[in-house]
Amino acid sequence: MSYLFETKRVIERKVFKRASSLVEEKIKEIRSNTPNLPYEKTKLAEVEINKFFYEGKTVDRVMIVLRSNGCQHYKTNGGCSMCAHLNGAPLKEKITHKNYVEQWNSVLDGSFVEKTDKEFNLNDYPVVCVYNLGSLLNPEEISVKTVQYIFSTLNKYKGVKKVIIESRAEYVTEDILSAIRKVYDGVVEVGIGVESTNFLIRELCHHKAIENTQIISDAVALLHKYNMKALAYVNFKPIFLTESEAIEDAIKTSVDCFKDFNFDAVSVEPTSLQENSLANYLYNLGLYRVPWLWSLRDIIHGIYDRMHVSKLDIRLGGYFDEEVLSGSQGTGFAQRNEIFPHMTSSNCSYCTNEFVEAIKQFNMTYDVKDLDVVKPCKHCYKLWQDTKKVKDSRSIYTRIDDVLGGE
Ligand code: SF4
Ligand SMILES: [Zn+2]
């Protein structure tokens with residue numbers, strides 16, 4: 001009996017390994033097309049402002065994206081299937097502490113703003129996101145000294161009530177959290193990419209490289225020890241899943257994040273398409289569609305139902321019409337920024353804008369009624385309902401093999 005069980009386990013492991021290397025090899029092949037653009041190392045990658053729900057009120061949030069060295073997972077293993085942030089990092093040069101300081105000082109003195117009629121004062125933004133296209137807590141990507149410098153300057157800005165940063169779970173360590181707490185005692189929230197709590201979906205569809213979720217639980221516990229908030233990113237609709245499988249996965253993962261991992265907040269992130277990602281490659285072949293916005297309503301209802309609540313700190317992420325104060329390339333929608341997706345989750349062209357407005361409203365209240373107000377669209381609602389009925393009887397392994405398995 002135990003021999004049979006062991007044999008089954010070994011076979012399963014082999015099948016997993018094969019699927020995993022097919023995904024990783026394809027991602028690496030696609031990444032090799034990433035252009036080596038001549039970025040200015042002292043200029044920010046992007047600054048955007050939008051609305052945010054904080055302590056019962058709608059406030060202004062500024063999102064500052066540092067031009068950075070890029071994500072280590074991306075550089076070593078090819079990174080996640082839906083992400084192409086390395087498009088925004090210099091491939092052959094290194095951003096130094098001095099470069100980062102210059103970038104950050106341009107935030108403090110407002111000199112980064114491209115629009116001449118717009119004055120910028122960090123104090124006007126109760127919520128400040130500082131992102132580095134990777135993990136701000138990974139000293140290989142950005143030094144502890146730099147992170148301390150950024151946080152230490154924030155003490156002077158009493159208008160700033162909350163700072164949001166991002167990191168993979170494995171870089172949430174005592175060393176870095178205590179280094180931050182030495183210079184800053186304000187509210188800090190750390191966004192961690194969980195993507196899915198289903199092993200096969202996370203490791204094969206997302207290619208996340210977090211085989212053991214214990215590191216996620218440990219990271220959340222450590223953040224709480226340092227009086228920081230933990231935010232889970234849940235990617236909605238990775239490649240190789242049907243729409244209804246993806247909806248169920250996003251609901252289950254979000255509930256797991258609250259109940260099992262003890263996250264304080266969840267941000268559901270519908271997949272969007274950037275050049276040089278595996279998701280984009282499959283989209284170009286007609287093998288992937290970005291998620292429907294209608295599905296987000298199912299997800300929020302599903303989470304609230306299973307949590308038996310009518311409101312939670314749950315956000316709908318994505319790129320929804322932010323005001324861009326500084327973007328590094330171009331001014332048009334598609335080419336305005338190398339990290340900006342060329343396609344985001346959508347319904348049809350008749351109703352997408354209305355739904356996006358509802359999402360923006362929801363993000364200011366977390367009340368699902370704000371999503372419910374959108375009436376079924378006569379052009380696409382039925383199509384979406386039919387899409388949800390699509391079934392795929394193949395295993396995830398077979399789906400991967402059928403698309404990437406070659407001869
Ligand atoms: S999603 Fe995060 S961890 Fe994954 S490749 Fe992108 S930056 Fe790296
Ligand atoms: Zn429609």
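Two residues are in contact if their C-beta atoms, placed from the backbone, lie within 7 Å. Keep that rule at hand for this tour of a predicted model, where local features need pLDDT of at least 70, side-chain atom pairs count only at pLDDT 80 or more, and totals for chains, interfaces and linings use all residues. Residues are numbered from 1 along each chain as its sequence is written, while chains are lettered from A and ligands numbered from 1 in the order in which they are written.

**Stop 1: Tyr 350.** Select Tyr 350, in the loop between β9 (323-327) and α11. Helices (H or I, at least four residues) and strands (E, at least two) are DSSP runs, numbered from the N terminus. Leaving aside neighbours within four places in sequence, Tyr 350 is in contact with Cys 377 and His 379. Tyr 350 is exposed, with 11 other C-beta atoms within 10 Å. The scale: buried means 20 or more other C-beta atoms within 10 Å of a residue's own, exposed 12 or fewer, partly exposed in between, with C-beta atoms placed from the backbone.

**Stop 2: two loop residues.** Pick Tyr 366, between α11 (352-365) and α12 (369-372). Its phi is positive, about 60°, although Tyr 366 is not a glycine. Tyr 366 is partly exposed, with 18 other C-beta atoms within 10 Å. Then go to His 308, in the loop between α10 (293-307) and β8 (314-316). His 308 also has a positive phi, about 55°. His 308 is exposed, with 6 other C-beta atoms within 10 Å.

**Stop 3: a strand pair.** Select β4 (residues 162-166) and β5; they pair in the parallel sense over five bridges. Pairing requires at least two bridges found by DSSP. Which residue in β5 is the bridge partner of Glu 166? Gly 191 is. Five of the seven residues of β5 (residues 187-193) are buried.

**Stop 4: two helices.** Show α4 (residues 144-154) and α5 (residues 174-183). Their axes come within 8 Å and cross at roughly 35°. Axes are lines fitted to C-alpha atoms, for helices over the stretch in contact, and angles run from 0 to 180 degrees between N-to-C directions. From α4, the residues that meet α5 include Val 147 and Phe 151; on the α5 side, Ile 176 and Ile 180 are among them.

**Stop 5: ligand 1.** Finish at ligand 1. Among the residues around it are Cys 71, His 73, Cys 80, Cys 83, His 85 and Arg 168. To count, a residue's C-beta atom, placed from the backbone, must lie within 6 Å of the ligand.
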